[in-house]
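Subject: Structure handover

Hello,

Here is the structure I said I would pass on, with the sequence alongside. My notes follow below it.

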Amino acid sequence: MATTEHRPNIGATPRRKEDPELITGEARYTEDLTPPRTAHVVMVRSPFAHANIRGIDTAAAKAHPGVSDVLTAADLEGAFAAPLVCAWPIVDDIKIPPVYPVEGTRARYAGQIVAVVVADSRAAAQDAAELVEVDYDPLPAVIDPEEAMADGAPQLFDDVPNNVTYHWRSKEHSPVPSAGDPDPIMASAPVVVKERFRLERLVPNAMEPRSILVEPNASQGEYVMTSATQIPHIVRTVLTLITGVPEAKLRVIAPAVGGGFGSKLQVYAEDAICLALARRLGRPVKWTADRTEEFVSVHHGRDQWQEIELAADADGKLRAVRVRIVAGMGAHHLLLTPGIPMLGAWLYGGCYTADAYSVEIIGVFTNNTPTDAYRGAGRPEATYAIERAMDALARKVGKDPAELRRMNMIPTDAFPNYTIMSGLSVDSGDYTGSLDKLLATLDYQGLRREQAARRASGAARQLGIGLSTWIEMCGLAPSRVAGALKLVCGLWEACTVKVMPTGTIQVMIGVTAHGQGHETTFSQMLADQLGVDYDDVQIIAGDTLTVPFGMDTYGSRSLAVGGIAMHNAGEKVIAKARGIAAHTLECAEEDLEFANGSFTVKGTDRSFGIKEAAFAAWTAHNLPDGMEPGLEATYVYDPPNFSWPGGAHACVTEVDTHTGAVKILRYVSVDDCGVIINPQIVEGQVHGGVAQGIAEALFEGAQYDEAGNLVTGTMTTYLVPSAAEMPSFEVLNNPNAPSPTNPLGVKGIGEAGTIASPPAVINSVVDALSHLGVTNVERPATPERVWRAIQEAGQ
């Protein structure tokens with residue numbers, strides 16, 4: 001394998017290439033673009049969570065000045081070749097009722113689109129939308145997934161009894177065998193703990209709301225969609241299925257995108273509507289969500305009831321894990337809705353060993369916004385359950401939670417390729433090393449002494465120390481596993497590396513950035529690999545015309561899948577350049593050494609640079625016989641395994657026992673993300689992830705009334721914390737377990753903080769109050785909930 005001896009960029013923090021246009025306001029987002037003759041679209045949405053639609057009167061709206069048209073489902077009949085696509089039917093007997101972009105007969109959640117207004121200005125469209133009169137016949141609604149399963153609960157679809165869309169069991173549906181049967185062990189184990197947790201719905205709030213612009217070329221039947229999306233390639237394919245527009249005629253561009261967190265890993269009704277309207281009207285069509293609209297229209301995250309049981313020996317050695325999840329799907333399936341809870345099914349055993357394991361997941365329709373991927377997507381849910389349960393087990397057997405974790409961890413010498421209890425193979429890990437580094441950084445024993453002193457003094461403000469040791473399957477792949485899990489697409493990634501005649505590099509890569517720093521990180525990697533300057537590398541992404549193939553960005557796959565595709569393409573470039581250099585220098589290829597951008601004949605000073613090879617390949621005056629001109633290569637990479645980061649986090653809180661107020665004093669993370677390309681970007685990803693996890697634990701939660709109305713549907717009622725509510729983060733790394741699965745040893749980091757932090761925070765709050773008899777505080781742990789837990793424990 002060709003390598004570069006001098007690596008000035010890997011592990012460094014050069015000036016980020018993305019920042020100048022972002023901080024000067026020169027970046028162009030979808031909302032910045034308004035071509036001439038643009039028609040502006042406003043969606044008319046149901047105010048009822050469940051209602052029959054008896055009729056829609058659009059006359060007054062159509063008469064409003066500036067309005068081009070007002071369309072209902074009946075008007076758009078024939079505009080859609082298929083309903084909205086669910087690409088993950090995780091069991092054979094799953095029930096996926098067809099749902100079209102505009103609903104015409106029965107609204108099933110507040111926010112569902114029932115009509116579309118098109119006008120010459122957004123203001124005119126908004127005013128006209130108020131004039132659309134919909135005759136609703138309200139029906140009873142159900143918003144809790146457990147209540148929706150009950151006999152007599154309101155039914156969303158006539159052919160989905162008890163609203164249960166699927167029942168997934170690891171022992172029946174997993175493509176790999178898991179550890180043994182937990183039932184007999186649970187029946188005979190000396191110690192069994194059973195915990196029940198509620199994971200509230202979460203509303204993603206990216207900095208930029210969703211926005212879509214579709215520009216038609218009517219004479220050619222071609223369309224250019226500019227969209228605030230994470231997945232331009234997937235959007236193109238799925239919209240072809242929904243609208244019938246040929247894939248070759250549809251170009252999707254993701255320009256500057258202001259965050260996503262999974263909420264833009266979606267093909268929404270609005271995408272299909274805007275494309276259908278551009279085809280119908282023959283003019284540009286634009287829609288942008290306002291913030292309040294986004295609360296009910298963007299897909300939500302989490303929404304689970306969890307029951308987890310741990311069986312253990314008397315000393316706390318874990319024997320079996322048994323899990324039952326009731327997961328809220330919302331009113332219907334979107335792109336990946338059914339599979340999101342199942343993504344966590346492999347990780348409810350955490351980074352621990354046990355003899356038996358089973359997971360059961362019941363997917364349930366409810367009268368609220370559909371759920372789908374939110375940062376971590378199934379993995380935070382699993383980590384929350386096992387890490388909360390491990391603290392409960394520690395309390396039951398009288399062991400320190402750090403010691404209980406250490407004694408149950410997968411030993412470092414079990415790697416590489418240890419089969420965890422769910423049946424998947426983990427390529428590398430150093431869980432005890434991360435935990436030990438965390439405890440040393442914390443001065444863990446010193447904190448325990450301070451905690452004991454506060455308890456002895458009866459202080460009003462009690463100290464809590466919460467731990468969370470985590471493992472993640474990410475770098476989502478390989479395609480064969482995806483297929484075995486019934487995902488309809490593969491999870492490969494494509495990249496083309498092109499060395500221009502004068503030596504600058506163009507990289508066309510299928511992963512699309514929306515805040516991750518791809519341009520910087522990928523430039524660092526390729527600059528070192530090819531021995532060129534960092535500024536000589538240009539990264540091109542997010543446009544299906546210039547980058548025809550890709551599987552896009554989610555699941556911490558950009559580096560571990562996309563980055564390896566780029567690396568392998570770079571190796572092919574080096575191999576071709578080696579052939580040109582050998583031909584030019586009149587030597588055998590094996591006599592050449594490659595370092596710092598040059599091929600040198602061993603034992604001599606005769607050399608030939610890769611830039612010289614690029615120019616020679618362009619002129620094609622003197623190439624080896626049979627070699628094609630040009631110096632470029634494409635690689636489509638399908639990883640043989642997932643990427644397996646892990647680590648240990650700790651949260652130290654101070655809880656006011658009089659008011660229930662929680663203050664985070666310290667937050668420390670030790671993460672194993674393999675070889676680090678850019679420490680600054682890794683630190684930033686951890687900061688953002690931990691902040692979102694703290695928000696889940698203490699602040700955020702979608703609350704509904706009994707009628708199914710979202711009562712936390714604005715920024716004044718749905719608490720998104722700011723930097724002022726966050727502590728300073730102490731971010732450390734464990735470099736001792738690079739991935740052996742890929743040639744760079746890299747893993748993922750984008751979801752780590754969100755996976756690890758919620759249980760660390762809640763464990764800390766419970767730990768602060770455990771001497772008062774508190775064993776659980778549901779999230780978000782608001783002051784009222786904490787105070788009530790204290791009062792109930794004292795009764």
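Where is S556 found? S556 sits in the loop between strand 21 (537–540) and helix 17 (558–585). Please keep in mind that this is a predicted model.

Backbone points

Most residues other than glycine have a negative phi, and most peptide bonds are trans. The following places depart from that pattern.

S556 is not a glycine, yet its phi is positive, about 50°. With a relative accessibility of 16%, S556 counts as buried, since the cut-off for buried is under 20%.

R302 also has a positive phi, about 65°, although it is not a glycine. R302 belongs to strand 13 (residues 301–312). Its relative accessible area is 6%, so R302 is buried.

Two peptide bonds are cis. One joins F415 and P416, with omega about 10°; P416 lies in the loop between helix 12 (401–408) and strand 16 (418–419). Another joins A477 and P478, with omega about -5°; P478 lies in the loop between strand 18 (461–471) and helix 15 (479–484).

Two packed helices are described by the angle between their axes and the distance between the axes.

Helix 20 itself has 18 residues, which should span 26 Å at 1.5 Å a residue; the C-alpha atoms at its ends are 27 Å apart, which agrees. Of those 18 residues, 18 are buried, so helix 20 is largely enclosed by the rest of the structure.

On the helix 19 side, the contact is made by V686, G689, V690, Q692, G693, I694, E696, A697 and L698, and on the helix 20 side by G753, T754, S757, P758, V761 and I762. By class, the residues of this contact are 8 nonpolar, 6 polar and 1 charged.

Helix 11 contributes R379, P380, T383, Y384, E387, R388, D391 and R395, while helix 20 contributes T754, I755, P758, P759, I762, N763 and V766. The contact of helix 11 with helix 20 has 7 nonpolar, 3 polar and 5 charged residues.

R375

Where is R375, and what does it touch? R375 is in the loop between strand 15 (356–365) and helix 11. Leaving out residues up to four places away in sequence, R375 touches F261, R302, P380, Q685, G688, G689, Q692, G750, E751 and T754.

R375 and T72 are 303 residues apart along the chain, and their C-alpha atoms are separated by 34 Å.

Helix 12 and helix 13

How are helix 12 and helix 13 packed, and at what angle? Helix 12 and helix 13 (residues 431–442) pack at an angle of about 160°, with their axes 10 Å apart. Helix 12 is therefore roughly antiparallel to helix 13, and it passes helix 13 in a left-handed crossing. A402, R405 and R406 of helix 12 meet T432, L435, D436 and L439 of helix 13. The residues of this contact divide into 3 nonpolar, 1 polar and 3 charged.

Helix 16

Helix 16 (residues 518–530) has 13 residues and reaches 18 Å from its first C-alpha to its last, close to the 18 Å expected at 1.5 Å a residue. Of its 13 residues, 12 are buried, so helix 16 is largely enclosed by the rest of the structure. Among the buried ones are H518, F522, M525, L526 and L530. After helix 16 comes G531, which has a positive phi near 70°.

Regards

Technical notes:
Residues numbered from 1 in each chain as written. Predicted model: local features only at pLDDT ≥ 70, side-chain atom pairs only at ≥ 80, totals over all residues. Heavy atoms only, no water. Contact = heavy atoms within 4.5 Å. Helix = DSSP H or I, 4+ residues; strand = E, 2+ residues; numbered from the N terminus. Nonpolar A, V, L, I, M, F, W, Y, C, P; charged D, E, K, R; others polar. Expected span 1.5 Å × (residues − 1). Buried < 20%, exposed > 50% of the residue type's maximum accessible area, 1.4 Å probe, protein only. Axes fitted to C-alpha atoms, helices over the stretch in contact; angles between N-to-C directions. Parallel < 35°, antiparallel > 145°, perpendicular 65-115°, else oblique. Left-handed = near helix turned anticlockwise from the far one by under 90°.
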